[in-house]
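Here is a short report for a reader meeting this protein for the first time. Look over the sequence and the structure, then read on.

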Amino acid sequence: MASSRRTTGRGGTSPRQRKIAGVAAIGVTLAVAFAVATGTSQAGESCEGLDTAVGNNLAFIADQLVFPDALSEARIANRQAVIDQLEQRRAAAGCTGEVEVPDADPNAALNGGAAEDCDGLDGAVRNNLAFIAGQRQNPDALSEARIANRQAVIDLLEDRRTLAGCTGAVELTPGS
């Protein structure tokens, strides 16, 4: 009896599909690691900060839909995973209300695809710096990995700040 299994070539996927899947997998892994690491500090969540983060991700997705490129599908999947985690954090923090989908920035293609708010990005950097400071003050077995993850997030946020034209260094202020 002949097998009905089809062979689609080496691995069954094209190099482009493998690249998109790889980027999406890395993004989802970072998002999940970020969410797990953040799960230990839900009490200090700011609804305003979470709403800003959701809005920034929605704006990014909107821009990717308006100005797609070869990696847009993977980027959108990554940002949607981040939004799903942020929505869980919003629910745990008792945040109410809808975060509206902002319109895509018609000038996004001219400014590197960035339709981001510097205050929101700065706040996200500060939140990550505060988390790192907390891990350094009260380390546990996973602190090193959490700190490395948050530093990677900060590096990505700094790239986004640069693209958005944000200036000045973001520092953790006493009491934050």
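## Aromatic rings

In this predicted model, the count of aromatic pairs comes to 0. Rings of Phe, Tyr and Trp pair if their centres lie within 6.5 Å.

Arg79 lies over the face of Phe60, 3.6 Å from the ring centre. Arg150 lies over the face of Phe131, at 3.7 Å from the ring centre.

## Overall fold

The protein has 5 helices and 0 strands. Read from the N terminus, the elements run α-α-α-α-α. Of the 176 residues, 33% are buried.

How far apart in sequence are the residues that meet? Take the contacts between residues at least 6 apart in sequence: 76% of them join residues at least 24 apart.

## Helix 5

Helix 5 covers residues 143-164 and has 22 residues. From first C-alpha to last it reaches 31 Å, close to the 32 Å expected at 1.5 Å a residue.

Which residues of helix 5 are buried? They are Ser143, Arg146, Ile147, Asn149, Arg150, Val153, Ile154, Leu157, Arg160 and Arg161. These residues cover an arc of only 160° around the axis, so they sit on the same side of helix 5. An α-helix has 3.6 residues a turn, so residues three or four places apart point the same way. The face turned away from the buried side carries exposed residues: Glu144, Ala145 and Thr162. After helix 5 comes Gly165, with a positive phi near 85°.

## Glu158

Glu158 also belongs to helix 5. Is Glu158 buried or partly exposed? Glu158 counts as partly exposed, because its relative accessibility is 26% and buried means under 20%.

The side chain of Glu158 makes a polar contact of 2.9 Å with the side chain of Arg161. Arg161 is one of the buried residues of helix 5. Ala169 is 11 residues from Glu158 in sequence. Their C-alpha atoms are 9.3 Å apart.

## Helix 3

Helix 3 has 21 residues. It reaches 30 Å from its first C-alpha to its last, close to the 30 Å expected at 1.5 Å a residue.

The buried residues of helix 3 are Ser72, Ala74, Asn78, Arg79, Ala81, Val82, Ile83, Leu86, Arg89 and Arg90. Arg79, in this list, is the residue that lies over the face of Phe60. Helix 3 is followed by Gly94, whose phi is positive, near 80°.

## Gln64

Gln64 is found in helix 2, residues 47-66. Gln64 is buried, because its relative accessible area is 9%, under the 20% limit.

Which residues does Gln64 contact, leaving aside neighbours within four places in sequence? They are Asp69, Ser72, Arg75 and Ile76. With Arg75 there is a polar contact between side chains, at 3.3 Å. Ser72 is among the buried residues of helix 3.

## Cys95

Where is Cys95? Cys95 is in the loop between helix 3 (72-92) and helix 4 (118-137). A relative accessible area of 12% is under 20%, so Cys95 counts as buried.

Not counting residues up to four places away in sequence, Cys95 touches Cys47, Leu50 and Arg90. Cys47 is 48 residues away along the chain, yet the two C-alpha atoms are separated by 5.4 Å. Arg90 is itself buried in helix 3.

Definitions and conventions: Residues numbered from 1 in each chain as written. Predicted model: local features only at pLDDT ≥ 70, side-chain atom pairs only at ≥ 80, totals over all residues. Heavy atoms only, no water. Helix = DSSP H or I, 4+ residues; strand = E, 2+ residues; numbered from the N terminus. Expected span 1.5 Å × (residues − 1). Buried < 20%, exposed > 50% of the residue type's maximum accessible area, 1.4 Å probe, protein only. Arc of directions from axis to C-beta. Contact = heavy atoms within 4.5 Å. Phe/Tyr/Trp six-rings, centres within 6.5 Å; stacked < 30°, edge-to-face > 60°. Lys NZ or Arg CZ within 6 Å of the ring centre and 35° of its normal. Polar contact = N/O pair within 3.5 Å; in protein donor to acceptor, adjacent residues only side chain to side chain.
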